[in-house]
Protein chains: 2
Amino acid sequence: MEERSNPELYAIRHSLAHVLAQAVQQQFSGVTLGFGPPTETGFYYDFDFRGRSVSEKDFPAIEKGMRRIIQEKQVYNRTDCSFEEALAKAETLGEPYKVMNIKMLKERGVQHFSFYSNDKFEDLCEGPHVSDTGVLPAKAFKLDRVAGAYWLGDERNIMLTRIYALAFETEEELKDFLRRREIAETYDHKKLGKELGIFHFDDLVGKGLPLWLPAGTVIRDEVETYAKEMEFKAGYQRVSTPNIAKKQLYLMSKHLPAYEDSMFPPMICHHEDTGYEEHFYLRPMNCPHHHLIFKSVQRSYRDLPLRLAEYGTTFRYEQSGELSGLLRVRGMTLNDAHLYLRLEQVGEEVRQMLGMYMAMYKTFKFQDYRFRLSLRDPDGAGKYQGSREMWEKAESMLTKLMDGTGLPYQKGVGEAAFYGPKIDIQFKNLMGREETVSTIQLDFLAPENFDLHYTDEDGKDQRPVVIHRAPLSTHERFVSYLLEYYGGALPTWLSPVQVVLIPVNEDCHDFCEDLAEHLHGKFVRAELDFSHESFNKKIRTHTLKKVPLLLIIGNKEVQEDSVTVRRFGVKEQQTLKRGVFVAELLEEIRERKNFREPITSIV
Amino acid sequence: MEERSNPELYAIRHSLAHVLAQAVQQQFSGVTLGFGPPTETGFYYDFDFRGRSVSEKDFPAIEKGMRRIIQEKQVYNRTDCSFEEALAKAETLGEPYKVMNIKMLKERGVQHFSFYSNDKFEDLCEGPHVSDTGVLPAKAFKLDRVAGAYWLGDERNIMLTRIYALAFETEEELKDFLRRREIAETYDHKKLGKELGIFHFDDLVGKGLPLWLPAGTVIRDEVETYAKEMEFKAGYQRVSTPNIAKKQLYLMSKHLPAYEDSMFPPMICHHEDTGYEEHFYLRPMNCPHHHLIFKSVQRSYRDLPLRLAEYGTTFRYEQSGELSGLLRVRGMTLNDAHLYLRLEQVGEEVRQMLGMYMAMYKTFKFQDYRFRLSLRDPDGAGKYQGSREMWEKAESMLTKLMDGTGLPYQKGVGEAAFYGPKIDIQFKNLMGREETVSTIQLDFLAPENFDLHYTDEDGKDQRPVVIHRAPLSTHERFVSYLLEYYGGALPTWLSPVQVVLIPVNEDCHDFCEDLAEHLHGKFVRAELDFSHESFNKKIRTHTLKKVPLLLIIGNKEVQEDSVTVRRFGVKEQQTLKRGVFVAELLEEIRERKNFREPITSIV
């Protein structure tokens, strides 16, 4: 949580953390304290319960103790002190972790310390706090869960008990958060992924390496086809490159040794006859391969901008504790492209690129996103690669461009990468947390590392600028985002099963078969449900699977050559002539029409 | 060369090899002899020239010497002898390599040796030979090239000089071969790949790991889209799986250790905290991943046949000497699918599968292929996996099926894999050599290794049968085959550039731009040539690139809203109304019409 964004809430959460510690120590004698900071949604405190176990069953009693402290309107007092005084105080309080912390702070150069007290409770603390516990919102906090947490986050240390709590300024905000979280859990992509048969992990393959099941592969393929169409129209050329390369490539790209920890270890081929060793790596990024394609022939200014696109598979050796569903994986396929262009072309190219991004977002009905233009720190000269002139030109082009679009955006001064400025597009997930889904990244360094050049009008060698871009992120991240955004109820064009035909009785089977075959011939993902389940059970089953269109076929429909359409999430059924329905369906799919409402709108 | 297929030609080539050795020894004193066998297209002989160099410049003189020997009608005489006699003879002849060879043969258990002599020349030889040199076709052979060759193929040995020769029964056959070879060289996929910008190899990535350039990626993508459409219509479901997996998977699949030599070495992840090691391998085949997907949920008889398709990328560590363009690579992407079905379903499923194969071949205009049904060796009981009953049922189903199709096919008794019978489809390349492009492979072993099962109607667990199939081979092999088959002049739907618009003068630019934009919007790969080259130069450039359609736009065309179409390989131009042309073009692409004639037809 950023302290500056809402200092009042920060102080509330911080003070509530103290109140939690105070209440716990009142109820459990001898418990000592670790750290207890505010978080994005509340706060936590780490306790050493000295072997006693504590669980959610203890929460009501602790919360009651906290509310009593709030009722007592205990005033916060600050005491400033020196290292020696702080140490003595922590020892008197019988708090060994505070003692350790004070010593660590001293080692890091801290000389002034402070404690905050209220009633008999006192804690090492920088502040700030509210004036007294009476101003704390007694109904806007809630103890949430218990977890183990190693002291200092190091698994060689003792494991403390962390109590997480939620806290907001008002009860309504807390309730709203809880409601949103419940929805988010219902629509968690890991849960949906299992229910809808999207992906599967298998220990024989390895952690963080998803096997995409048929339903998930449909979504990937549809997203990919869409991206390819948009890229074709925008003049991109597709390439396809191996997802391994020799060590030498990653020495040139400088991924080695800087990035080695995030890469899988090498495959080492021994050549016994020559004693020669070849090291092959799984690639962590696609760019080096694309740079080699740029270099594979002599390029002229007439070739620029050269736009090389690839849905390229890359691998990163994430720590196994950090792996989570499709969101954090070890193998991923990125909607990648690299553009090679003259500095003067950057403005116009990025303008067109943003147009493509916005068009894509519109197709997916994304609304809650914002742009951030990340620029140099003007005091950071020397820190940045590329000439000052280059930076100034690029930054002024991008600023002028962003101003020209009329899009609201923030400037992130000092947030540029050391190799170039960038535009990040931030999305909010269901819980309101922001993630960078798309970027547009200028790169002044790669052209140097790879010695990229083109011949200008005068026959002279020039360095191009490189742009990395990926509007639709990786399949893994993007599909998980889509699943959560729509709560699994994807638009028809993206749905693994688009239409299920349900006959009311056996007399209608022929009609259903004939229509299903016709639709299948048009590449519609249509299925028949001829099972012996009851009609209502069938409707329920396919609704749980969030199939966008159910066709109910009874005798009347057969006689009138029509279909009764039940659209997911829409109460009214509609009966249409068969031909009209088919034409509308094909258009809906072809035009990627989107009748689905994102889950955020019901939050 | 198979001796049995044409024993006369074998004897001719074998005898000519002796004549070559004889002529060389007449001209270069002190030269000693290695091996000199017939080949598929002639013969070679290995010589130790003792440091002297020999080149193609020496060929006319050597050939002259050979023809003189032929004119002299020297009679071949055979001498049979014991090991000691053979050794003595070779030593007397001053042939150290023959001495070594005799000793090696002895070690391998050979007891009877023979020599063939004509005039003063004598050579260790099993025969057979022609009666005398006079019957050898003096005009049907030709020395071809010189190469280095290690004695016994071992690079630790001395390098001998190998002279390759072509030899046929008649002069016409030799001429025909030379003509075909010239065409094959012109249309060699490595040459075309460079000219047309199909693929590129880079040492920084590694040998045998192609980077597909934009033109090549178009072909891959089009082939892939076509395969996906055909597979969708045939009820296949696509999956997408990681191209690495843990060692445990390849122990289960039995790739390890049996197949280890053909795999890249493992990536070994050390977990320092636990001391645990994880070994990841690049996958050599896609099947194990698919089997895990089959196993990921409980399967019922209602799910069968389950057809899982993936254009899956695999890696094999081929010896670097064996790598050749796209034909033999270390990374490849296979048009793969695995079917899981009951034994009784095999016949009907394979029948439908063959229907898909034939439809695909028709689209590509493949004609010169043949089927081989590979069955058990009836005497090989115990060698084969799966019950005798299973084999009998499967073989009888496949035989009945092949008989029923009316397709000509051969039975390969004893050529089944140990894990199941198969159908191979053999294609002839430009040089008439056969390759297996597609297979349909039954597998009784994988279901055991992976303990695959489904629940039958009675709720009992049953083993499915697995079929591996790949009609369109790997992208690497298939695209190289397509390039050679069409000499680079691909059908419009596969062509990297489909249409080039060439204005006759600047007044026609707007019309061209407008039309190009319209075509581009319909996903046609259309390009404008507004360069300052002459009209004829432009036509030549795009014809060399084998662009299927050139549109010539002059004032008349602009006035009449028409285009003049020049189709590659067709002399007559055609002027069409713009709308008619566009409609015909879109249909040609959509329907994958194929006006191109394969190169084989002009051979």
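## A tour of the predicted model

About 100 Å³ of space lies in the largest cavity. This is a predicted model, and a search of the whole structure finds two cavities of 30 Å³ or more. To find the largest one, select Asn429(B), Glu435(B), Ser480(B), Tyr481(B) and Glu484(B), which lie nearest its centre among the 12 lining residues. Next, colour helix α13 (residues 475–485) of chain B: five residues of the lining come from this helix, the largest share. By type, the lining divides into four nonpolar, four polar and four charged residues.

Move to chain A and show strands β1, β2, β7 and β6, which form an open antiparallel sheet in that order. Its edge strands, β1 (32–33) and β6 (141–150), each pair on one side only. Inside the sheet, β2 (residues 42–48) and β7 (residues 159–167) of chain A are joined by six bridges. Select Tyr45(A) to see Ile163(A) of β7(A) standing opposite.

Pick Arg463(A) and Asp451(A), whose closest N and O atoms are 3.0 Å apart. Arg463(A) lies in the loop between β22 and β23 of chain A and Asp451(A) in the loop between α12 and β21 of chain A, so the pair ties together parts 12 residues apart in sequence.

Then go to chain B and select Glu392(B) and Arg388(B), a salt bridge with its closest N and O atoms 3.1 Å apart. Both lie in helix α11 (residues 388–405) of chain B, about one turn apart. Glu392(B) is partly exposed at 38%, while Arg388(B) is exposed at 62%.

Last, select Arg342(A), Glu344(A), Lys393(A) and Glu457(A), which salt bridges link in a network.

Technical notes. Residues numbered from 1 in each chain as written. Chains lettered and ligands numbered in written order. Predicted model: local features only at pLDDT ≥ 70, side-chain atom pairs only at ≥ 80, totals over all residues. Heavy atoms only, no water. 1 Å grid on protein atoms, 1.4 Å probe; cavity = no way out; pocket = protein on both sides within 12 Å on 5 of 7 lines; lining within 4 Å. Points joined across faces, edges and corners; volume = space filled by probe spheres on them. Helix = DSSP H or I, 4+ residues; strand = E, 2+ residues; numbered from the N terminus. Nonpolar A, V, L, I, M, F, W, Y, C, P; charged D, E, K, R; others polar. Pairing = 2+ DSSP bridges. Salt bridge = Lys/Arg side-chain N within 4 Å of Asp/Glu carboxyl O. Buried < 20%, exposed > 50% of the residue type's maximum accessible area, 1.4 Å probe, protein only.
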